[in-house]
Amino acid sequence: VQLQASGGGLVQAGGSLRLSCAASGRTFSRHALGWFRQAPGKEREFVAAIRWNGSSFYADSVKGRFTISRDNAQNTVYLQMNSLKPEDTAVYYCAANPTINTQVRAWDYWGQGTQVTVSS
């Protein structure tokens, strides 16, 4: 089972990026899919998650700026990030789990991470 995250990069404050995470090895169509991030010197934190039926949840810090979506046919989850701020700079990880949860330790499957850097 592999989750491959991509789409990170360097962007100026106020800009946008779209992250993708493709799963292989099994289907996650009935799993929750999520995004987490970890900034230097900080713990990994919840960003957003989406259930198999499309219902989504967001951390307060990204609500209104980030949008999570999924394509079950492609076994892929996306994170559209708009109005980016320097404090959004982190390594972003995708994850999969049978149920939705904001706790890092609750998630079973993890991708390798993609770096997002927002310059001021």
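## A look around an all-strand chain

H31 is buried, its relative accessible area being 9% (buried means under 20% relative accessible area, exposed over 50%, partly exposed in between, with a 1.4 Å probe and protein chains only). You'll find H31 in the loop between strand 3 (17-24) and strand 4. Leaving aside residues up to four places away in sequence, H31 touches R26, I50, R51, W52, R70, N97, P98 and Y109, where contact means heavy atoms within 4.5 Å.

A quick word on the source: this is a predicted model, in which local features need pLDDT of at least 70 and side-chain atom pairs count only at pLDDT 80 or more, while totals for chains, interfaces and linings use all residues. Residues are numbered from 1 along each chain as its sequence is written, and side-chain values use heavy atoms, with hydrogens and water left out.

**The whole chain.** The protein chain has zero helices and 11 strands. Those are DSSP runs numbered from the N terminus, with helices being H or I of at least four residues and strands E of at least two. The radius of gyration is 13 Å, close to the 14 Å that the globule rule gives for 120 residues, so the protein chain is as compact as a globular protein of that length. That radius is taken over C-alpha atoms, and the rule is 2.2 Å times the number of residues to the power 0.38. Along its principal axes, the C-alpha trace spans about 40 × 25 × 25 Å. Of the 120 residues, 42% count as buried. Take the contacts between residues at least 6 apart in sequence: 57% of them join residues at least 24 apart.

**The disulfide.** Searching the whole structure turns up one disulfide, meaning a pair of cysteine sulfur atoms within 2.5 Å. It joins C21 to C94, with S to S at 2.0 Å. The link of C21 and C94 is right-handed, with 55° about the S-S bond. Since C21 lies in strand 3 and C94 in strand 9, the pair ties together parts that are 73 residues apart in sequence. Both C21 and C94 are buried.

The structure holds four aromatic pairs. Rings of Phe, Tyr and Trp (its six-membered ring) pair if their centres lie within 6.5 Å; planes under 30 degrees apart count as stacked, over 60 as edge-to-face and the rest as tilted. One of the pairs is F36 with W107: the ring centres are 5.4 Å apart and the planes at 75°, so this pair is edge-to-face. F36 sits in strand 4 (residues 32-38) and W107 in the loop between strand 9 (90-97) and strand 10 (109-110), so the pair ties together parts that are 71 residues apart in sequence. F36 and W107 are both buried, and along with F46 and W110 they form one aromatic cluster.

The test is NZ of Lys or CZ of Arg within 6 Å of the ring centre and within 35 degrees of the ring normal.

| Charged end | Ring | Distance from ring centre |
|---|---|---|
| R18 | Y78 | 4.0 Å |
| R44 | W110 | 4.9 Å |

**V116.** V116 belongs to strand 11 (residues 114-119) and is buried, with a relative accessible area of 0%. Not counting residues up to four places away in sequence, V116 touches G8, G9, L17, L19, M81, D88, T89, A90 and Y92.
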